[in-house]
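Student: Could we go through this structure together? I would like to begin with a sheet and then move on to the core and the interface.

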Amino acid sequence: MKLFDNFSDLARPDISRRSLLTGGLAAGVLLAFHLPVRAANEPIQPPDVTDGKFAPNAFIRIDTDGRTTLVMPQVEMGQGVYTSIAMILAEELDGDMARVVLEHAPPSDKLYGNPAFGIQATGNSNSIRAWWMPLRKAAASARAMLVQAAARQWQVEAASCTTSKGEVAHQPSGRRIDYGALADPARSETPPKDVALKDPKDFVYIGQPLKRLDTPDKVNGKAVYGIDAMLPGMKFATLAACPVRGGKVAKVDDTAARKVAGVRQIVVLDDLVAVVGDHMWAAKKGLDALKIDWDEGANATVSSEQIWRELRAASEQGGAIAKSTGDVTKALAAGERIEASYEMPFLAHATMEPINCTVRLRPDVCEVWTGTQVMTRVQSAVAQAAGLPVDEVIVNNHLLGGGFGRKLEPDMAVAAVRIAGKLDGPLQGVPLKVVWTREEDMRHDVYRPVYRDTIAATLSDGKIAAWKYKVAGSSVMARWFPPAFQKGIDIDGVDCAVDQPYDIPNLEVAFVQAEPRGVTTGFWRGVGPNNNVFAIECFMDELARRVGQDPVAFRRAMLGKNPRMRAALDLAAEKSGWGQALPARVGRGVAVTPAFASFIATVVEAEVDDAGEVHLRRIVSTVDTGIAVNPDTVVAQIEGGLIFGLTAALYGEITIAKGRVQQSNFNDYRILRIDQAPKIEVHLIKSGEAPGGIGEAAVTVGTPALRNAIYAATGVALRRMPVDRSLIAAGRKA
Amino acid sequence: MLRPVMFEGVRMATTLTINGEQISVDAPPDMPLLWVLRDVLGLTGTKFGCGIAQCGACTVHIDGKPVRSCVLPVAAVRDRPITTIEGIGATQAGARVQKAWLDLEVVQCGYCQSGQIMAAAALLAATPTPDDSDIDAAMAGNICRCGTYVRIRAAIRQAASGRQS
């Protein structure tokens with residue numbers, strides 16, 4: 001729960017407990033080695049932590065010493081949201097950022113449910129969008145109560161008081177009082193019915209590039225991720241699940257594994273085998289020494305070829321109509337029909353922090369330490385696996401070493417609890433840390449689905465007259481959030497297709513659900529828009545070429561009704577030197593995206609060599625995300641999102657043979673490295689609009705911009721990702 | 001004083017020097033240093049990423065040189081001094097790198113950054129004024145999934161120039 005108690009030199013009342021936990025390890029080395037561990041005699045539910053504090057809502061607690069604890073309803077996985085949320089709260093509270101302490105929220109949909117989802121989930125780049133108004137109102141209400149308390153004490157009008165940096169002031173009399181001194185009296189104030197929010201021109205934190213609150217501990221080894229949970233008496237496990245989805249354990253020979261020093265127990269479940277040891281090395285050596293025969297089941301012969309054959313066939317079906325404007329059939333018949341199809345591969349998440357979960361399962365209670373994007377789902381899934389009431393499952397969230405959608409799943413917690421449930425003898429009830437090897441992580445992911453998009457269009461006077469667009473692929477929503485899959489339409493699957501940015505008079509968008517055999521699909525940073533923005537922006541370049549127009553001019557002419565998108569495009573063209581001469585074999589490609597309510601244009605400059613290898617030279621991104629809560633975080637998310645997307649464009653593909661994922665680790669699932677990283681320039685466009693989403697937006701736009709750069713450099717129109725070097729080499733213009 | 005967790009049945013005392021402190025640990029000789037640091041000593045700043053020396057998250061210094069602790073058997077360390085992310089701030093190069101990392105707000109999820117900082121500190125100790133190709137060569141073994149590479153390059157340049165000023 002509490003992770004950040006070292007932002008300032010505040011007292012640490014829990015130091016003795018921490019010292020106990022770390023076994024008296026050297027102070028200064030492990031001082032912040034900090035976990036929310038309860039002693040055996042402590043009650044299961046922690047005592048009311050709001051005791052003696054001003055706690056007007058679920059997010060704000062002010063101590064009598066002025067320390068302001070902010071409880072984070074969204075999780076921090078690198079996107080900077082802990083700082084952005086703290087800034088929003090501190091803004092309307094007029095709190096003092098220097099005295100802010102952050103806590104992970106405990107599981108509670110009621111208190112911390114994401115307003116956009118109704119459950120406590122971090123995803124879809126909506127943390128700021130969903131919480132922008134609720135948090136501002138909550139903090140403004142708290143501020144009003146503090147002002148009322150001060151005014152009552154001074155016997156002045158509340159309206160004559162001002163607030164700043166954690167103090168109430170009464171200018172006429174020159175009196176000031178710290179929020180800490182008001183913590184007690186403010187408790188008896190009534191929250192105002194309606195509370196005025198600040199005029200954005202009065203913002204002191206929002207819009208400033210403030211330093212992140214989570215980063216100081218991330219440069220000195222003190223930050224605690226789920227995988228860093230350490231508990232007294234802890235044992236360590238690693239596992240092998242059936243490499244074919246749905247398969248079972250047939251036979252296990254553990255003779256050799258039992259002889260490995262430090263191995264304590266072999267746990268055999270119906271679909272996985274785990275080795276428990278004194279440390280990960282014993283567990284890993286033990287696992288390697290096992291001889292496991294699998295009953296691979298119905299998916300034993302599944303291959304990528306079969307999956308693609310089935311997807312291509314499915315994409316020829318009509319699909320469910322998600323949007324229809326004008327008369328597409330008539331408009332398509334009226335002109336030359338231009339068609340293309342685009343294909344996207346399976347992708348793994350490959351978070352840098354391998355999948356892990358620590359559990360302590362006792363007969364009446366289960367405690368979990370992990371880093372998850374779905375706190376309450378982990379809690380309920382663990383409760384079900386453990387056969388316990390939800391209230392008897394305590395979940396301690398941590399910083400996430402990358403999320404990217406992988407940690408929207410509770411599977412790692414369920415596996416850990418099932419293994420812990422089999423611990424024998426003296427191991428019963430001990431804390432068990434289950435860490436997946438990278439290979440296990442890579443092969444038992446929920447994969448970004450394969451998609452096939454087909455587009456048919458006609459042109460009239462250099463503009464698009466008809467546009468018939470169809471997505472075929474897995475509905476992740478159908479499994480993950482069924483209300484978002486209705487009447488055959490996955491709202492994520494058609495995101496950025498139904499609301500594509502261009503002015504097109506006759507338009508139809510359809511969705512065909514096609515679940516890949518033997519592969520579980522999941523959300524992957526950029527989600528549905530990754531696929532749709534790619535297909536749309538690739539086709540735009542092909543259409544532009546068809547009518548002999550410049551790709552920027554062609555797009556621009558159809559963005560008249562979308563001034564934010566057009567302004568981003570214009571700025572990207574200007575900043576990138578669009579139209580200026582380039583050396584041979586170098587191309588510029590442009591793409592735009594309206595994903596997650598941000599408007600981004602991107603120009604990628606890439607060089608292609610004789611072997612078809614692609615070298616990224618420079619990227620320019622222009623971004624209108626409305627009010628940028630922390631502009632530096634926005635820039636960082638654009639830079640990182642571009643690299644994340646381009647990594648997949650250049651290297652990413654998971655393939656299946658004999659039902660098994662063929663990739664295993666970073667040697668065969670390549671990640672873009674620093675020596676391939678281009679210069680990136682990000683230009684933010686000032687805006688007073690409500691904040692847009694920023695964690696995923698740039699992921700959607702880099703890939704089509706790169707593809708269009710290759711198209712410009714070589715004339716080769718790639719229609720499938722990742723980039724196929726042999727196609728480029730074969731088709732490159734001399 | 002560092003005090004390791006003791007395991008019953010394993011008696012293979014090795015003396016290590018970690019961040020200037022001597023400590024005796026019970027660990028099998030083939031156990032990679034990574035797991036000794038993390039699971040035996042509780043020094044969890046050094047990260048597990050791949051286990052096959054492909055990602056650099058586990059980078060520590062032995063004799064001031066960057067090594068991948070996930071594939072380095074503890075027996076191979078012998079009496080050479082080990083520096084981890086928890087101790088790198090005590091070195092001149094390490095402190096400069098940490099400061100530049102914060103000044104330029106390099107970090108996102110942060111999981112790879114222990115290894116990035118260890119690699120960068122080793123680079124600066126050996127090559128005080130690296131150019132971009134030195135930086136790329138020294139840092140190409142460290143993967144960052146959040147894509148912080150642009151800022152890593154800038155931060156190393158800043159840390160290097162800070163030294164000159």
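**A sheet, a core and an interface**

Tutor: In chain A, three strands make up an open sheet with mixed pairing, in the order 1-2-3. Strands (E, at least two residues) and helices (H or I, at least four) are DSSP runs numbered from the N terminus, and two strands pair if DSSP finds at least two bridges between them. This is a predicted model, in which local features need pLDDT of at least 70, side-chain atom pairs count only at pLDDT 80 or more, and totals for chains, interfaces and linings use all residues. Residues are numbered from 1 along each chain as its sequence is written, while chains are lettered from A and ligands numbered from 1 in the order in which they are written.

Student: Which strands stand at the edges?

Tutor: Strand 1 (60-62) and strand 3 (100-104) of chain A do; each has a single partner strand, so one side of each lacks a neighbour in the sheet.

Student: And in which sense do strand 2 and strand 3 of chain A pair?

Tutor: Strand 2 (residues 68-72) of chain A pairs with strand 3 of chain A in the parallel sense, over five bridges. A:Val71 has A:Glu103, in strand 3 of chain A, as its bridge partner.

Student: Now the core. How many residues has the largest nonpolar core?

Tutor: The largest nonpolar core has 290 residues, and those with the most contacts inside it are A:Leu89, A:Val368, A:Ala416 and A:Ile710. Helix 4 (residues 127-154) of chain A contributes the largest share of this core, 15 residues. Such a core is a set of buried Ala, Val, Leu, Ile, Met, Phe, Trp, Tyr and Cys residues joined through C-beta atoms within 7 Å.

Student: Is A:Leu650 buried or exposed?

Tutor: A:Leu650 is buried, because 21 other C-beta atoms lie within 10 Å; the cut-offs are 20 or more for buried and 12 or fewer for exposed, with partly exposed in between, and C-beta atoms are placed from the backbone. A:Leu650 belongs to helix 17 (residues 631-651) of chain A.

Student: What does A:Leu650 touch?

Tutor: Leaving out residues up to four places away in sequence, A:Leu650 touches A:Val614, A:Leu672, A:Pro722 and A:Val723. Contact here requires C-beta atoms, placed from the backbone, within 7 Å.

Student: On to the interface: how many residues of chain B are in contact with chain A?

Tutor: 54 residues of chain B are in contact with 58 residues of chain A. Helix 5 of chain B gives the most to the side of chain B that touches chain A, with four residues.

Note on methods: Contact = placed C-beta atoms within 7 Å.
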